[in-house]
Amino acid sequence: MSCHTDDKRMSWESSHHASGDVACASCHNVHASHDPVLSKQTEMDVCTSCHTKQKADMNKRSSHPMKWNQMTCSDCHNPHGSLSDDDLVQPTVNETCYSCHAEKRGQSCGSMHP
Ligand code: HEC
Ligand code: HEC
Ligand code: HEC
Ligand code: HEC
């Protein structure tokens, strides 16, 4: 953190990973020319090596194209921590969803299911 104190990592100290004693090098392979956690193709393998419940959840039916690595954990979570309870990329669950589903903003559940 003496070098990497930019806005994406400013909540590190209060993140679940920092308080769970997960080190930078638990996810990052700093000496490799290709760091697996930084690639969409391999990020989820790194995350689910510890998060086995989420690994199992991936077998459930979902429209989110995660099995094909087109969408990854860090599309919704900031692994370095954030202002939300579950280290989401936006301050609330809804804001996180709206970052892709902008068309749902301002609609009630009723109008989503006519
Ligand atoms: C839980 C896994 C995890 C931990 C722990 C973690 N990172 Fe990351 N890091 C990621 C992921 C995933 C990305 C790419 C997605 C993103 O930027 O959010 C990333 C991206 C980065 C980047 C941007 C790299 C680039 O080339 O764009 C830097 C710098 C970085 N991390 C530094 C750190 C530092 C410093 C620590 C420890 C204080 C740390 N990370 C801890 C998962 C992690
Ligand atoms: C579409 C957005 C989205 C994606 C993609 C996503 N998450 Fe989450 N995740 C959430 C939301 C929203 C919550 C908090 C709501 C809740 O309590 O279920 C959450 C909660 C969590 C939690 C804490 C709750 C618990 O059940 O322990 C963990 C750990 C977690 N996610 C890990 C992951 C991992 C690992 C991945 C990738 C395999 C992932 N998430 C992908 C949105 C997402
Ligand atoms: C070395 C093991 C390890 C790896 C790898 C790892 N995590 Fe975690 N993660 C933890 C621990 C430990 C915690 C803190 C305890 C807890 O809340 O489950 C945690 C907590 C979390 C939480 C918050 C859970 C909550 O309670 O709200 C999220 C979200 C999360 N991790 C996502 C990720 C994502 C995304 C990646 C991959 C970029 C990742 N983790 C990689 C060990 C790991
Ligand atoms: C990174 C972008 C992204 C984020 C963030 C995201 N989604 Fe999605 N979502 C998609 C994509 C891509 C699809 C599949 C294509 C489609 O149906 O639009 C999808 C599909 C869905 C579907 C199925 C829609 C249908 O018509 O089949 C639901 C429901 C959904 N998402 C809910 C959520 C919720 C709830 C959140 C927040 C926790 C969320 N999404 C966050 C990208 C995202």
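In this predicted model, a polar side-chain atom of H28 sits 2.8 Å from a nitrogen atom of ligand 1. Start there and look around. R9 also reaches a nitrogen atom of ligand 1, with a polar side-chain atom at 3.4 Å. K8 turns to another kind of atom. An N or O atom in the K8 side chain lies 3.0 Å from an oxygen atom of ligand 1.

Now widen the view. Ligand 1 is surrounded by 17 residues. K8, C24, C27, H28 and H80 are the closest of them. By class, nine residues of this shell are nonpolar, five are polar and three are charged.

Move on to ligand 2. Here H77 places an N or O atom of its side chain 2.8 Å from a nitrogen atom of the ligand.

The shell around ligand 2 holds 16 residues. Its closest members are K53, C73, C76, H77 and D86. Which elements give two or more residues to this shell? They are α3, spanning 43–50, and α4, spanning 52–57. The largest share comes from α3, with three residues. Sorted by class, the shell around ligand 2 has eight nonpolar, six polar and two charged residues.

H28 has its 2.8 Å approach to a nitrogen atom of ligand 1. H77 has its 2.8 Å approach to a nitrogen atom of ligand 2. Each histidine is also listed among the closest residues, H28 for ligand 1 and H77 for ligand 2.

Methods:
Residues are numbered from 1 along each chain as its sequence is written. Chains are lettered from A and ligands numbered from 1 in the order in which they are written. This is a predicted model: local features need pLDDT of at least 70, side-chain atom pairs count only at pLDDT 80 or more; totals for chains, interfaces and linings use all residues. Side-chain values use heavy atoms; hydrogens and water are left out. A residue is near a molecule or strand if one of its heavy atoms lies within 4 Å of it. A polar contact is a pair of N or O atoms within 3.5 Å; within protein, one must be able to donate a hydrogen and the other to accept it, and residues adjacent in sequence count only if both atoms are side-chain atoms. Ala, Val, Leu, Ile, Met, Phe, Trp, Tyr, Cys and Pro count as nonpolar, Asp, Glu, Lys and Arg as charged, and the others, Gly among them, as polar. Helices (H or I, at least four residues) and strands (E, at least two) are DSSP runs, numbered from the N terminus.
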